[in-house]
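Subject: Structure handover

Hello,

Here is the structure for you to look over. My notes come after it.

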Amino acid sequence: MAYALQQLINGVSLGMIYGLIAIGYTMVYGIIGMINFAHGDIFMIGAFLSLIGLLLITSGGLLDGPGAIVLVLALSMAFTALYGWTVERLAYRPLRGSFRLAPLISAIGMSIVLQNYVQVSQGARVKPIEPVVQGGFTIMQEGTFAVQLSTMQILIILTTLVILAIFTWLVTRTRLGRAMRACEQDRKMASLLGIDTDRTISITFVIGAALAAVAGTMYLLRYGVIDFYIGFLVGVKAFTAAVLGGIGSLPGAVLGGLLIGLIETFWSAYFSVQYKDVAAFSILILTLVFMPTGLLGRAEVEKV
Amino acid sequence: MSLARTRRPALGVALRDAGLAALIAAGLFLPMVGLRTDVGPTGALFLRTRWTDVLLLMLVVFAGRFLVRLWQEWKTERRAPGFSQRIAGPLSRSGRFVAPVFLLLAVLLPVLPGVGRYELDLGILVLTYVMLGWGLNIVVGLAGLLDLGYVAFYAVGAYSYALLAQYFGLSFWICLPLAGLLAAFWGILLGFPVLRLRGDYLAIVTLGFGEIIRLVLLNWVTLTGGPNGISGIARPTFFGLTFTVGGGPGSFAEFFGLEPSPTHRVVFLYYLILALALLTNWVTLRLRRQPLGRAWEAMREDEIACRSLGINITTTKLTAFALGAMFGGFAGAFFATRQAFISPESFTFIESAIILAIVVLGGLGSQLGVAVAALVLIGGFEVFRDLQEWRMLVFGGAMVLIMIWKPRGLVGSRTPTVALGEKRAISASMVAEGRG
């Protein structure tokens with residue numbers, strides 16, 4: 001029981017990270033109908049930028065404690081958003097209205113570029129950091145096994161919830177959010193009604209990248225070690241989360257992320273660690289085969 | 001007078017644009033390039049600054065953007081037909097001569113002057129990718145099923161041969177068809193559950209499938225050796241004659257009375273992969289003329305119309321998967337016997353992406369285009385060997401650039417397989433691509 005509770009806590013905090021990345025996938029898929037293959041690498045860029053920010057701030061001795069983390073988060077979000085914008089502008093916008101496979105290949109190319117760009121500029125070695133946020137609570141004691149809820153996990157869950165609240169407000173209550181939803185439903189009609197669709201799409205990428213940066217920062221602080229290759233696997237799992245929740249659905253992305261996080265954690269805890277990725281991929285395949293619309297997605301109606 | 005008036009604003013626009021681009025570049029490169037995280041003597045990370053590199057990159061971006069903008073302004077001023085439009089006609093007409101010339105070159109490569117061991121090895125590598133490209137072309141280019149996990153079949157073929165040779169001592173020539181069959185079987189196995197899926201979802205499922213195969217190969221240590229892979233895989237023989245370096249009885253050199261040389265095996269492997277690739281090409285071209293091939297292309301264009309006309313979508317899709325997988329399996333068996341060592345590392349997602357890139361960059365469904373794209377990408381990749389870790393960066397950038405320059409691939413026109421009256425090349429933009 002205590003063991004399961006611990007796994008639940010671990011799974012939720014991991015799932016929050018997946019959920020944040022999954023939002024980026026689901027938004028881009030909703031608005032331009034493409035799998036943004038480079039999004040996992042944007043997450044990796046976010047993690048690296050927060051690593052650089054963290055080193056800059058702590059080595060300068062400017063700030064310490066919570067203020068430093070907020071600053072790192074803000075820096076990473078801003079610069080990663082710039083990367084998101086640039087990727088869209090360089091690799092996807094020229095291909096708008098082109099045939100369907102072109103942006104996908106371009107996205108795969110961009111993913112290779114980002115990965116190797118970071119490898120060249122930051123080196124191929126893994127980057128370990130000292131734990132920044134330490135401490136925690138013991139919330140349950142069962143025999144010798146103590147259930148730990150670390151401060152870091154609380155931080156991840158709280159930050160994610162706050163960011164999600166801001167984001168939900170943005171999409172449902174603001175003019176920008178309305179423009180985004182309009183583009184999602186019918187891009188041509190939206191542009192006829194005076195919405196600058198190119199700008200809206202750019203902003204979608206910017207928001208997606210900023211959320212991925214939050215995930216990257218949390219990943220760095222939680223696991224304390226990153227390298228240039230983390231983007232691929234985490235990206236694929238986040239995409240699985242987006243599909244599981246129903247692609248195009250924002251609450252679905254978070255729900256899917258939580259489920260993938262929980263499944264992965266419980267699978268590692270009770271079955272085998274080696275096959276945890278196989279479990280994630282199998283779920284992806286099973287979901288798509290038996291429930292292609294996901295948990296919260298709408299069924300696609302095809303008119304002939 | 002009018003010229004001067006139009007040119008000055010163009011220059012101003014280009015300058016402003018380039019300045020903006022340089023600013024953005026500053027934002028991108030300042031933290032990522034300017035501050036490098038290095039592991040210090042105590043094991044802790046520290047930052048090393050490289051401001052000159054950032055400045056250099058900014059200058060490059062400025063100049064690049066400036067020139068691109070100027071060129072764009074100049075192009076719109078001239079309103080000349082695009083370069084690609086102008087050469088499209090002659091290119092498609094010369095197509096029928098290009099293919100035989102390529103074939104002749106490929107056949108004669110080992111005897112051409114100046115071709116050594118390195119060139120032959122490169123030729124083998126390029127031909128392997130040509131074959132993989134042609135195999136995937138059946139699935140993606142003809143049947144329109146987007147497959148991101150093609151490398152799984154390559155892996156199945158390679159491991160089938162390696163394991164059969166290791167555990168049962170079977171020879172390459174027995175294993176080659178078996179590897180193809182096993183790969184085809186896995187193709188059908190993948191095909192069944194994904195019959196109902198379309199487009200991007202199909203792509204993601206195939207990606208997951210490819211990764212599952214790789215992870216199983218990586219973790220099933222007792223069978224596959226896990227990350228250590230399988231080494232000492234048996235080399236192929238020429239009708240029972242071996243290619244041992246020292247010669248000796250039963251060897252190729254001894255039988256034909258030649259001086260034993262390691263080049264013999266390389267030449268043999270070269271012709272082997274050439275034959276396998278040409279087999280793939282021949283089968284594809286023949287099938288395109290038959291009902292099955294036409295059903296593939298019809299399904300690519302419109303699955304619903306296809307179904308309403310009574311074409312069995314299930315078998316059409318499964319045969320495409322199975323045949324594509326079978327050629328991937330052949331190529332895998334060849335890869336295993338050529339390298340004599342395989343490990344899961346050779347079958348990562350990036351391989352699938354490269355093969356798919358070859359097919360798309362070549363022009364979906366175009367056999368010649370796939371061959372040219374494989375030559376350009378893989379050959380170019382080798383030419384830039386000195387760049388080392390920059391190589392993949394250039395590779396990815398080239399993928400993006402080619403896609404922007406020619407989204408329809410290098411050979412962007414199709415000649416219909418059947419036509420009423422005269423056959424005319426049609427632009428690829430008239431052809432759909434794997435929506436189903």
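Predicted model: local features only at pLDDT ≥ 70, side-chain atom pairs only at ≥ 80, totals over all residues.

Chain B at a glance. Chain B has 436 residues, and 43% of them count as buried. Its secondary structure comprises 16 helices and six strands. Two domains divide the chain: domain 1 covers 2-80 and domain 2 covers 95-430. Their C-alpha centres are 39 Å apart. Take the contacts in chain B between residues at least 6 apart in sequence: 73% of these join residues at least 24 apart.

The core. The largest nonpolar core holds 224 residues. A:Ile21, B:Ala357 and B:Ile358 have the most contacts inside it. Helix H8 of chain A (residues 197-223) provides the largest share of this core, 15 residues. Domain 1 (2-80) and domain 2 (95-430) of chain B both contribute residues, so the core lies between them.

What does B:Ile358 touch, leaving aside its neighbours within four places in sequence? Its contacts are B:Tyr129, B:Gly133, B:Val370, B:Ala373, B:Ala374 and B:Leu377.

Helix H4 spans residues 117-142 of chain B, and helix H14 spans residues 349-362. Their axes come within 9 Å and cross at roughly 70 degrees. The two helices are therefore roughly perpendicular to each other. By class, that makes eight nonpolar, four polar and no charged residues.

The interface. The contact between the chains takes 49 residues from chain B and 50 residues from chain A. Several elements of chain B each supply at least two residues to the side that touches chain A. They are helix H1 (2-32), strand S1 (35-39), strand S2 (45-49), helix H7 (199-219), H14 and helix H16 (390-405). H7(B) gives the most, with eleven residues. By class, this side of chain B has 35 nonpolar, seven polar and seven charged residues.

- B:Leu323 sits in helix H13 (residues 313-339) of chain B. Is B:Leu323 buried or exposed? B:Leu323 has 24 other C-beta atoms within 10 Å, and the cut-off for buried is 20 or more, so it is buried. B:Val283 is 40 residues away from B:Leu323 in sequence, and their C-alpha atoms are 9.6 Å apart in space.

- B:Ala340 is in the loop between H13 and strand S4 (341-342) of chain B. Its phi is near 60 degrees, a positive value in a residue other than glycine. B:Ala340 has 13 C-beta neighbours inside 10 Å, so it counts as partly exposed.

- A:Thr144 is in the loop between strand S2 (136-142) and strand S3 (145-150) of chain A. A:Thr144 has 6 other C-beta atoms within 10 Å, and the cut-off for exposed is 12 or fewer, so it is exposed. A:Thr144 and A:Ser268 are 124 residues apart along the chain, and 21 Å separates their C-alpha atoms.

Best regards

Technical notes:
Residues numbered from 1 in each chain as written. Chains lettered and ligands numbered in written order. Core = buried A, V, L, I, M, F, W, Y, C linked by C-beta atoms within 7 Å. Helix = DSSP H or I, 4+ residues; strand = E, 2+ residues; numbered from the N terminus. Domains from an automatic or database assignment. Contact = placed C-beta atoms within 7 Å. Axes fitted to C-alpha atoms, helices over the stretch in contact; angles between N-to-C directions. Parallel < 35°, antiparallel > 145°, perpendicular 65-115°, else oblique. Nonpolar A, V, L, I, M, F, W, Y, C, P; charged D, E, K, R; others polar.
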